[in-house]
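Here's a quick tour of the fold you have on screen. Keep the viewer open and click along as you read.

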Amino acid sequence: MAVRQPPSPLLPWLLATLVLGLVAVASGWRLQWDPWAPRQRFGPASGRILDLPRHDDGVPALLFIGNSRMAFPLGERSARRELLRAAGLDDGVAAVIGGAEANVADLDGHLPDVAAFQPDVVVVQLDCLYLLGPEDGRTDPAARLIAFRRVPSLLETWLPVLERLPARQRVAVEVPWSAQVHDRLPAGFWERRRAARDELRARGWRVVADDAPWPDALYRDGAHFSAVGAARFREWLAGALSAVFVADGGR
């Protein structure tokens with residue numbers, strides 16, 4: 001007859017840890033940056049530094065540069081094909097370079113490859129030029145947005161570089177925010193962001209933005225899109241890019 005083992009003395013501590021973890025998830029997890037997002041810099045999910053497909057002359061080519069909020073919804077080639085079809089660019093080709101916490105300075109050393117791609121349209125996430133606040137323990141996206149700052153070195157060095165790329169159009173995208181993040185941002189944040197957009201327009205850039213909050217259900221953590229949100233984002237962005245090509249006289 002087997003002897004029944006007494007419960008482990010660690011069992012109460014394990015149960016307490018489990019309960020505390022569940023409470024933390026229920027109370028505030030959704031307002032944290034997604035802890036499962038890869039911490040790589042520039043490069044798609046494959047881990048390659050650049051994924052710039054070859055294409056024939058005369059084929060519309062779009063280059064997307066962004067951090068995790070824009071790069072990951074476009075990271076799969078099937079997702080980019082979906083966006084191109086929705087934009088009416090069935091014969092087009094799209095490439096994305098970016099990753100968690102990426103900014104345009106990460107292009108340093110890769111410019112010959114970027115220029116060789118010969119993009120017709122360069123689409124840059126606004127946060128790659130006008131950065132979030134420092135991470136330094138602030139994982140709450142609203143807190144980091146409030147600390148948003150203009151970084152002269154990025155603008156003075158990299159805007160001219162991006163503007164020298166052989167592109168017909170340059171587009172800055174303000175990736176929409178969830179309602180729970182949007183509602184915590186002060187009026188001063190939006191004033192600074194609108195000033196940033198005006199600065200880019202003055203330099204000849206097009207700006208795509210939606211100041212209205214998007215439903216929380218479209219996000220995994222208040223900042224990064226869910227699968228449904230990513231599809232909605234691609235549809236929204238495709239409509240804006242279609243208008244850019246129409247305004248530019250097509251291809």
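Let's start with Ala 227, which you'll find in helix α9, residues 227-247. Ala 227 has 66% relative accessibility, so it counts as exposed, the cut-off being over 50%. Though 154 residues separate Ala 227 from Pro 73 in sequence, their C-alpha atoms sit 8.1 Å apart in space. Bear in mind that this is a predicted model.

**The chain as a whole**

- The protein chain holds nine helices and five strands.
- Reading from the N terminus, the elements go α-β-α-α-β-α-β-α-α-β-α-α-β-α.
- The protein chain has 251 residues, and 47% of them count as buried.
- Take the contacts between residues at least 6 apart in sequence: 80% of these join residues at least 24 apart.

- In what order do the five strands line up in the open sheet? Going across, they read β2-β1-β3-β4-β5, with parallel pairing.
- The edge strands are β2 (93-98) and β5 (206-208); each has a single partner strand, so one side of each has no neighbour in the sheet.
- On average, neighbouring strands of this sheet are turned by 20° against each other, if you ignore direction.

**Strand β4 and its partners**

- β4 covers residues 169-173, and five of its five residues are buried.
- In a regular strand, side chains alternate between the two faces of the sheet.
- You can follow that along β4: Gln 169, Val 171 and Val 173 point one way, while Arg 170 and Ala 172 point the other way, and all are buried.
- On one flank, β4 runs parallel to β3 (residues 121-125), and five bridges join the two.
- Val 122 has Arg 170 of β4 as its bridge partner.
- β4 also runs parallel to β5, this time with three bridges.
- Two of the residue pairs to click on here are Val 171 with Arg 206 and Val 173 with Val 208.

**Helix α3**

- Helix α3 (residues 77-86) lies across β1 (61-66) and β2, and runs at about 130° to β2.
- Which residues of α3 are buried? They are Ala 79, Arg 80, Leu 83 and Leu 84.
- Looking down the axis of α3, you'd see those buried residues fall within an arc of 140°, so they line one face of the helix.
- After α3 comes Gly 88, with a positive phi near 75°.

- Ser 68 belongs to helix α2, which takes in residues 68-71.
- Is Ser 68 buried or exposed? Its relative accessibility is 9%, and since buried means under 20%, Ser 68 counts as buried.
- Leave out neighbours within four places in sequence, and Ser 68 is in contact with Pro 73, Gly 99, Ala 100 and His 224.
- With His 224 there's also a polar contact: the side chains of Ser 68 and His 224 are joined at 2.8 Å.

- Leu 111 is in helix α4, residues 111-116.
- At 24% relative accessibility, Leu 111 counts as partly exposed, because that value lies between the 20% and 50% cut-offs.
- Not counting residues up to four places away in sequence, Leu 111 touches Trp 158 and Val 161.
- Leu 111 and Val 161 are 50 residues apart in sequence, with 8.8 Å between their C-alpha atoms.

Conventions: Residues are numbered from 1 along each chain as its sequence is written. This is a predicted model: local features need pLDDT of at least 70, side-chain atom pairs count only at pLDDT 80 or more; totals for chains, interfaces and linings use all residues. Side-chain values use heavy atoms; hydrogens and water are left out. Two strands pair if DSSP finds at least two bridges between them. Helices (H or I, at least four residues) and strands (E, at least two) are DSSP runs, numbered from the N terminus. Axes are lines fitted to C-alpha atoms, for helices over the stretch in contact, and angles run from 0 to 180 degrees between N-to-C directions. Contact means heavy atoms within 4.5 Å. Buried means under 20% relative accessible area, exposed over 50%, partly exposed in between (1.4 Å probe, protein chains only). The arc is that of the directions from the helix axis to the C-beta atoms. A polar contact is a pair of N or O atoms within 3.5 Å; within protein, one must be able to donate a hydrogen and the other to accept it, and residues adjacent in sequence count only if both atoms are side-chain atoms.
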